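Keep the sequence and the 3D view beside you while reading.

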Amino acid sequence: MRAHLSEGINRTSLSLCFVLSVSWALPCICPADLPELELISVLPIIGPMNNQPSGLTIHDGRLVTVSDKHDSHIYELKMSETVAEQIPLMELAVDSLPDRHGILDLEGITVDSSGSLLLVSESHFRVIQVSDKHLTWLTPSLQEAGMNVGLFKTRGAFFEGIVFIDNKFFLSGERQPRGIVEYDLETKRSVAHVVNETRFPLRIGRSPDFAGMYYFQDRMFVLHRNAHVISELVFEGGEWKENEGYSFDRTENDERYAYSIMIYGRAEGLAMDEDRVYVVLDNNNNQRSNDVTDVRPLLLIFKNPFSHTSAKLK
């Protein structure tokens, strides 16, 4: 019975790869060919009520996050052997932002060259600089720039990730379609690209997405939530292309860690240091499949296959 089941899975995987390759004329990576990230630990996250962690970065040697339901704080994820405690690191003076309407819906966080924290507001399509708790808009709304190329067609699928490179912001439009919007702080010009082709297999009913971004050792990495993949993203020949990738499918869908509703992936934030890859899962208060009383988000920690040096968080 197991042999027949395995053969069926292999045939399905091959068929899926064939469909993706024909549809987008790209070399498809079949599940069997995609290397799996080596798991170090899975930590439940203890945090504020209605905790929904989204962006993730490393700042001053600490793993920090934002929650899309909590505009007023930046949090540190303080890790122990059994849990990650999401504790307030900085209170934000949200009222200091001019032209703010409604919630900020913070989805991404990164660090600029001076060490200041930068946030992306999905509801405002803008980047915020954090300086001593004070907030400043660094960009105008980038909604029009994305819409001009066909992004932001799907409600609630706007900006998710952000990185800062050489005085430029790169922000990821989430899905249907997904894409990258680049904003130059010096020229005040923006460029947007649809990046909807993928080489990574997707379950039926899922679309390609970018749920997070991270800049590490002069390389840009993206989090593919619906494919359960982390890959490098490179700009070649006037377009963005996926490069090498690693899967965390087995970990996220393991019955010990999976949530009761897994129609789509749950990963929302990505960060790396020289030793580890960190992925935060936003479960939207959904219970775990093996424990209906447990509605905590999860922090997945893997060995970093993209690095060859060594360092640790505080």
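A salt bridge is a side-chain nitrogen of Lys or Arg within 4 Å of a carboxyl oxygen of Asp or Glu. The model shown here is predicted, so local features need pLDDT of at least 70 and side-chain atom pairs count only at pLDDT 80 or more, while totals for chains, interfaces and linings use all residues. Residues are numbered from 1 along each chain as its sequence is written, and side-chain values use heavy atoms, with hydrogens and water left out.

The structure holds 19 salt bridges, among them one between E76 and K78, whose N and O atoms lie 3.9 Å apart. E76 is buried, at a relative accessible area of 8%, whereas K78 is partly exposed, at 45%; here buried means under 20% relative accessible area, exposed over 50%, and partly exposed in between, with a 1.4 Å probe and protein chains only. Another salt bridge joins R62 to D60, with 3.2 Å between the closest N and O atoms. In this pair R62 is partly exposed, at 27% relative accessibility, and D60 is exposed, at 51%.

A further salt bridge links R225 and E268, where the closest N and O atoms are 2.8 Å apart. R225 lies in the loop between β15 (219-224) and β16 (229-236), and E268 belongs to strand β18 (residues 267-272), so this pair ties together parts that are 43 residues apart in sequence. Strands are DSSP runs of E, at least two residues in length, numbered from the N terminus.

Methods. Helices (H or I, at least four residues) and strands (E, at least two) are DSSP runs, numbered from the N terminus.
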